[in-house]
Amino acid sequence: MKRIFFLAIFSTLLFSCANKVPRLVLWTDCVDFVSYTELFNSSQDKIKVITIYKDDLASEMPPAKNERRPDIIAGAFLQSGMQKKYFSRIDSLFGKNALSKESFYPSILKSGQYNEKQYLLPVSFNLPALVFQTDNYNYAQNPFLSFDDIKEISEKFNKKDGTGAYSAMAFGSHWNSDFLYLIFKTTGVNYVVQDGEFAYTEDAFQNAANSISEWSEQINGGVRNELDFAFNFLYTPFYEQVQSGRSLFAYATSDKIFSLTEDQLKEIDFHWICNDGKIQIEDDAVMMGIYSASKNKAAAKKFLLWFMNEDSQKKMLERKFAMNLRTQTFGIAGGFSSIQSVNQKFFPAHYRALLSNLPSGERITTPQIFPENWNGIKRNVVIPFIEECTRKNESQSSQLSERYAEFVEQNLQSKSLER
């Protein structure tokens with residue numbers, strides 16, 4: 001696998017300090033941490049942090065013997081079976097004059113635990129949404145849309161021409177593979193790797209597949225109609241799709257929405273997608289922890305405490321906008337902050353669309369703790385399997401276990417070639 005290393009550039013003078021000043025190494029797959037460590041380094045002279053970019057953190061663990069070990073690791077998919085394996089306990093960060101557990105979103109903080117012990121701190125997360133043109137607000141006035149809401153609204157919006165073909169289709173569940181996946185993961189489908197075998201909750205999976213097939217058939221006349229409509233009309237970016245008037249909704253996550261320019265956002269709005277009143281965060285929530293083999297754990301804890309400070313994150317947002325980095329990435333580390341007060345106090349000032357559309361902490365929930373290497377498994381195994389299973393007229397789906405075995409074998413061959 002191609003690996004990208006990015007070393008944050010600091011001035012020579014910055015590292016001419018006495019040898020006693022701890023120099024921490026931070027590995028991350030999130031480029032925003034370059035800016036954050038620069039801000040931290042300029043705020044004090046007792047600890048210095050070097051940021052190294054890693055394209056795929058999970059595949060880099062554990063570090064190679066000839067490579068300098070990280071002290072801090074920050075990135076996506078770290079909680080996927082990795083807490084106890086690679087990270088130090090950080091329960092001592094909570095308490096008097098330190099962090100408060102109440103300041104975090106409860107379910108997201110819990111996802112960084114193993115056996116009720118804290119190994120990872122949540123940094124940021126994103127939420128699933130449906131984007132629509134502001135002229136169509138009368139179709140979707142509830143800021144929280146369930147799957148049943150989407151189906152009901154879609155039926156009212158759909159139109160056919162004189163030949164019986166759809167001239168307007170509100171939304172197709174097969175237009176976006178990530179939306180299909182969202183339905184499965186929020187309706188009780190869990191995945192597990194045990195003893196080298198990949199398994200899933202088959203009854204819940206089949207129920208979800210049947211529900212999606214019924215949705216396509218009853219609302220849009222079948223999967224083929226959805227795919228044909230997408231092929232004919234939905235070849236532009238998601239925000240332009242709804243501006244055409246042919247479709248009502250387009251699926252997007254919060255990071256994609258808020259990486260748009262002000263002009264691109266001008267005529268669109270969005271509503272969060274929920275199930276049973278809950279909005280489930282995206283799988284790639286950014287977490288941060290201290291590597292278990294670090295020799296600078298005390299200094300690393302000071303960085304984590306600084307990072308999770310409300311005032312520090314306010315400065316991170318201000319720096320992003322002052323440097324015109326607003327459309328590069330969204331918010332803190334590419335998403336909403338894991339600290340509730342930061343989202344409530346500072347995000348609406350920078351992202352005006354959130355003034356009346358910021359979900360409360362009670363609505364936010366997290367997915368299951370996934371197996372290691374989940375991003376690769378999801379993209380190469382699970383989503384293709386879901387697509388086949390929900391297209392009844394397509395080729396016969398191969399068994400998920402067979403797909404997983406092929407994926408593992410390909411990974412082993414790839415790593416062998418790299419060596």
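A residue is called buried when its relative accessible area is under 20%, exposed when the area is over 50%, and partly exposed in between, as found with a 1.4 Å probe on protein chains only. By this scale K315 is partly exposed, because its relative accessible area is 41%.

The structure is a predicted model, in which local features need a pLDDT of at least 70 and side-chain atom pairs count only at pLDDT 80 or more, while totals for chains, interfaces and linings use all residues. Residues are numbered from 1 along each chain as its sequence is written, and side-chain values use heavy atoms, with hydrogens and water left out.

**Helices and their packing**

Helices (H or I, at least four residues) and strands (E, at least two) are DSSP runs, numbered from the N terminus. K315 belongs to helix α13, which covers residues 310-322. Its C-alpha atom is separated by 9.3 Å from that of Y36, although K315 and Y36 are 279 residues apart along the chain.

Helix α6 (residues 177-186) packs against helix α16 (residues 374-389) at an angle of about 90°, and their axes are 10 Å apart. The helix α6 is therefore roughly perpendicular to α16. Axes here are lines fitted to C-alpha atoms, for helices over the stretch in contact, and angles run from 0 to 180 degrees between N-to-C directions. Angles under 35 degrees count as roughly parallel, over 145 as roughly antiparallel, 65 to 115 as roughly perpendicular and the rest as oblique.

Contact means heavy atoms within 4.5 Å. On the α6 side the contact is made by S177, D178, L180, Y181 and F184, and on the α16 side by W374, K378, R379, V382, I383, I386 and E387. Sorted by class, the contact of α6 with α16 has seven nonpolar, one polar and four charged residues. Ala, Val, Leu, Ile, Met, Phe, Trp, Tyr, Cys and Pro count as nonpolar, Asp, Glu, Lys and Arg as charged, and the others, Gly among them, as polar.

S88 sits in the loop between α3 (83-86) and α4 (106-110), and counts as buried because its relative accessibility is 11%. Apart from neighbours within four places in sequence, S88 touches Q118, Y119, I290, Y291, S292 and K297. Q340 is part of helix α14 (residues 340-345) and is buried at 16% relative accessibility. With neighbours within four places in sequence again set aside, the contacts of Q340 are E102, S103, F104, Y105, P106 and G361.

**Aromatic pairs**

Rings of Phe, Tyr and Trp (its six-membered ring) pair if their centres lie within 6.5 Å; planes under 30 degrees apart count as stacked, over 60 as edge-to-face and the rest as tilted. The whole structure holds 41 aromatic pairs. One aromatic cluster is formed by Y105, F125, F258, F270, W272, F321, F330, F336, F347 and Y351.

Most residues other than glycine have a negative phi.

D276 is exposed, with a relative accessible area of 72%, whereas N373 is partly exposed at 30%.
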